[in-house]
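The sequence and coordinates are shown below.

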Amino acid sequence: MPSSRSLVLAGAALLALPLLASCSDTTDSASGGSKVAINATDTACEVAKTELKAGEITFAVTNKGGKATEVYVYGEHDGAYTKVVSEVENIGPSTSRDMEVKLAGGTYEIACKPGQTGDGIRTKITVEGAKADEEAEAAYDREVEVEAENFKLTGLENFTAKAGEKIEFKLENKGTEEHELEIFGPDGKEAGEVSPVKPGATGEAVITLTKPGTYTYKCGIDNHADQGMKGSFTVN
Ligand SMILES: [Cu+2]
């Protein structure tokens, strides 16, 4: 019977519209972002997807437990998942909250904390894509080696660069105390630094020399600069 059939079709079309609308809400294909549901209860922390692609990720947290909860994303630091990458707090029972985070490649732990205390109920997730550090390292134009002794910085005497160059400064500490390398632009503002390096160790930092002019560098620890650990170079 044609008349009842067209009614059924009309009904199906009406049903399909809101479904399509909610679909485009949950996946932001334009930016490549994705949405991942987390169901938190008083005893569980269910992450709908544990293998993700690097980029913008929205965790849609629903608290199905009886206690207020909070959800954290932890990154790895020295072999333990202690580095807070993102968090969302005070999610009451029967409520939902979104947590937006940009994740580089690597492994992370999601922690739900029913009652908002403790280390939480943890789930490991794997994010596929470029690692944050690898991205930065791959981006430099060239490398320059600097040696630190007590109390001398060598390697930059004849160094020059072109404005806009990304340089990896490698600091090898051949002294018996910690040393570092701070670099200041022509405006006197810090352009970047190799953080303190222990004796016998090497540290590095990728620094973009954006403006032409005279850059200065020094070891900022104690009075090391006054003892000779300083100098300058030119960027053209
Ligand atoms: Cu020093």
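## Glu70, a buried acidic residue

The model discussed here is predicted. Glu70 is located in strand β5, which covers residues 69-77. The residue is buried and takes part in no salt bridge. Lys113 provides the nearest side chain of opposite charge, at 4.7 Å, whereas a salt bridge requires a side-chain nitrogen of Lys or Arg within 4 Å of a carboxyl oxygen of Asp or Glu.

Beyond four places in sequence, the contacts of Glu70 comprise Val88, Glu89, Asn90, Ile91, Ala111, Cys112, Lys113 and Gln116.

Glu180 belongs to strand β14, residues 179-184. Glu180 is likewise buried without a salt bridge, and the nearest side chain of opposite charge, that of Lys218, is 7.3 Å away. A polar atom of the Glu180 side chain does, however, lie 3.0 Å from the backbone nitrogen of Gly220.

With neighbours within four places in sequence set aside, Glu180 is in contact with Leu153, Leu171, Glu193, Val194, Ser195, Pro196, Lys218, Cys219, Gly220 and Ile221.

His179 is in strand β14, while His224 is in the loop between β17 (213-218) and β18 (230-235); the two are 45 residues apart and link distant parts of the chain.

## Salt bridges between separate parts of the chain

The whole structure contains seven salt bridges. In one of them, Lys35 pairs with Asp98, with 3.3 Å between the closest N and O atoms. This pair connects strand β1 (residues 34-40), which holds Lys35, to strand β7 (residues 96-103), which holds Asp98, across 63 residues. Lys35 is partly exposed at 34% relative accessible area, and Asp98 is partly exposed at 41%.

Glu143 and Lys170 form another salt bridge, with an N to O distance of 3.8 Å. Because Glu143 is in strand β10 (residues 142-149) and Lys170 in strand β13 (residues 165-173), this pair ties together parts 27 residues apart in sequence. Both partners are partly exposed, Glu143 at 33% relative accessibility and Lys170 at 26%. A further salt bridge joins Glu178 and Lys198, whose closest N and O atoms are 3.6 Å apart. Glu178 is in the loop between β13 and β14, and Lys198 is in the loop between β15 (190-197) and β16 (202-209), so the pair ties together parts 20 residues apart in sequence. Glu178 is partly exposed, with a relative accessible area of 32%, whereas Lys198 is exposed at 54%.

## Val144 in strand β10

Val144 also lies in strand β10. At 9% relative accessibility, Val144 counts as buried, in contrast to Glu143, which is partly exposed at 33%.

Val144 and Ile167 are separated by 23 residues in sequence, and their C-alpha atoms are 7.1 Å apart in space. Beyond four places in sequence, Val144 is in contact with Gly155, Leu156, Phe159, Ile167, Glu168, Phe169 and Lys170. Lys170 in this list is the salt-bridge partner of Glu143.

## Overall architecture and confidence

The protein chain has two helices and 18 strands. Of its 236 residues, 33% count as buried. Among contacts between residues at least 6 apart in sequence, 60% join residues at least 24 apart.

The average pLDDT of the chain is 86, and 84% of the residues score at least 70. Over residues 1-31, pLDDT stays under 50, and the model has four contacts beyond four places in sequence for this segment.

Terms used:
Residues are numbered from 1 along each chain as its sequence is written. This is a predicted model: local features need pLDDT of at least 70, side-chain atom pairs count only at pLDDT 80 or more; totals for chains, interfaces and linings use all residues. Side-chain values use heavy atoms; hydrogens and water are left out. Helices (H or I, at least four residues) and strands (E, at least two) are DSSP runs, numbered from the N terminus. Buried means under 20% relative accessible area, exposed over 50%, partly exposed in between (1.4 Å probe, protein chains only). Lys and Arg count as positive and Asp and Glu as negative; His and the chain ends are not counted. A polar contact is a pair of N or O atoms within 3.5 Å; within protein, one must be able to donate a hydrogen and the other to accept it, and residues adjacent in sequence count only if both atoms are side-chain atoms. Contact means heavy atoms within 4.5 Å. pLDDT is the predictor's confidence in each residue, from 0 to 100.
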